[in-house]
Amino acid sequence: MTKKVLFILKYRQKEPSVENSSEKYGYLNSGVWQSAKFLCDEINEKGIAEAKCVHAIDNNCIDRLVTEYKADIVIIEAFWVVPEKFEILTELHPNVKWIIRNHSAMPFISSEGIIIDWSLRYVDYHNVYIACNDYRTYEQFRFLVYDKQKTDKKVLYLPNTYPTKNIKRKIYEKDKFFREEGIVNIGCFGSVRPLKNHLTQAHAAIQFAKSMNRYLKFHINSAHIEDGGNSALHNLIGLFNHTENCELVCHGWLEHEDFLELCATMDIGLQVSFTETFNIVAADLASQDVPVIGSNEISWLYNEYKANPNDSLDITRKMIKAVSLRNSFFNFNDDTHKKLKHFCKEAIKQWNKVIEML
């Protein structure tokens with residue numbers, strides 16, 4: 001009998017845009033939502049299970065959603081359900097396997113005051129598991145849980161995947177790299193927060209544009225601010241207000257198809273962040289055949305495109321390298337595409353293994 005897997009996310013109202021952003025955005029289309037939706041679609045397409053993604057207004061909606069769907073496995077995406085709620089839920093649904101799925105590595109977790117405490121309390125309940133989408137974090141949580149319970153069976157590895165059917169291979173004119181005359185468009189998208197490292201990347205982009213003698217358009221999503229991101233945003237605004245021949249272009253939080261269209265207009269993507277567990281934005285840029293400079297945190301990225309997040313000059317060098325190899329850099333993207341496809345193939349195997357086991 002096919003198992004039924006229910007992904008539950010916290011519903012959040014749309015919020016007004018912040019300074020210098022022209023649109024409103026909604027958390028309904030957050031990175032966590034995209035992650036869950038990609039997995040849900042892949043699980044259904046591969047016939048691994050019957051899967052569905054839903055939003056809950058709060059903890060009190062979970063019982064109804066699980067009952068209506070008749071779920072066998074429930075995946076709570078991120079940390080929004082208080083541990084005590086599982087005392088009730090496990091009694092109401094004694095045969096359901098509950099998984100709280102963590103999307104953060106330890107550096108980001110350090111800025112969230114509840115994650116460690118809640119995680120170690122979740123696993124005290126019957127049929128409640130913790131899952132990480134990053135293998136290093138999975139190993140760290142195994143250590144923590146084993147130290148407490150003398151078993152690590154309550155910790156799972158459930159990585160992200162990406163719809164590789166989105167990947168495009170574009171045909172470019174020989175020696176043509178930039179899309180606009182005299183301009184370079186650089187996309188540094190995603191939530192604005194300190195560990196995303198926007199300021200260092202902006203500095204590198206300015207250096208790069210000056211070395212190319214081009215006007216810089218530095219594109220960001222300015223409407224999704226997290227964990228001290230306001231300071232990062234205001235520093236970016238200050239930087240571009242006082243620097244010639246460049247501008248900060250702020251975009252709202254877009255629907256995924258619209259975002260892919262925006263990515264396709266970039267010359268280079270930057271995702272040289274301090275911490276990542278997958279990075280959907282980098283996958284989106286790469287899927288549109290845009291060269292992405294990232295950090296070692298993005299395991300599936302081609303190594304030639306990885307830069308030191310603490311060194312703006314190293315980031316600039318990697319961008320210059322992409323331009324200097326304009327006749328062959330698309331081969332680098334081919335390798336990135338291959339590595340991304342391999343990662344996703346292995347990820348789905350892991351999901352199949354865990355679903356069969358539970």
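**Exercise 1.** In which sense do strand E7 and strand E8 pair, and over how many bridges?

*Solution.* The model is predicted, so local features need pLDDT of at least 70 and side-chain atom pairs count only at pLDDT 80 or more, while totals for chains, interfaces and linings use all residues. Residues are numbered from 1 along each chain as its sequence is written, and side-chain values use heavy atoms, with hydrogens and water left out. Begin with the elements: strands are DSSP runs (E, at least two residues) numbered from the N terminus, as are helices (H or I, at least four), and two strands pair if DSSP finds at least two bridges between them. Strand E7 (residues 183-187) and strand E8 (residues 215-221) are joined in the parallel sense over 5 bridges, and Gly187 stands opposite His219 in E8.

**Exercise 2.** Describe the ring pair of Trp118 and Tyr122.

*Solution.* Rings of Phe, Tyr and Trp (its six-membered ring) pair if their centres lie within 6.5 Å, and planes under 30 degrees apart count as stacked, over 60 as edge-to-face and the rest as tilted. By this rule there are 14 aromatic pairs; Trp118 and Tyr122 form an edge-to-face one, at 6.3 Å centre to centre and 75° between the planes. Both residues lie in helix H5 (residues 115-122), 4 residues apart, and are therefore separated by about one helical turn.
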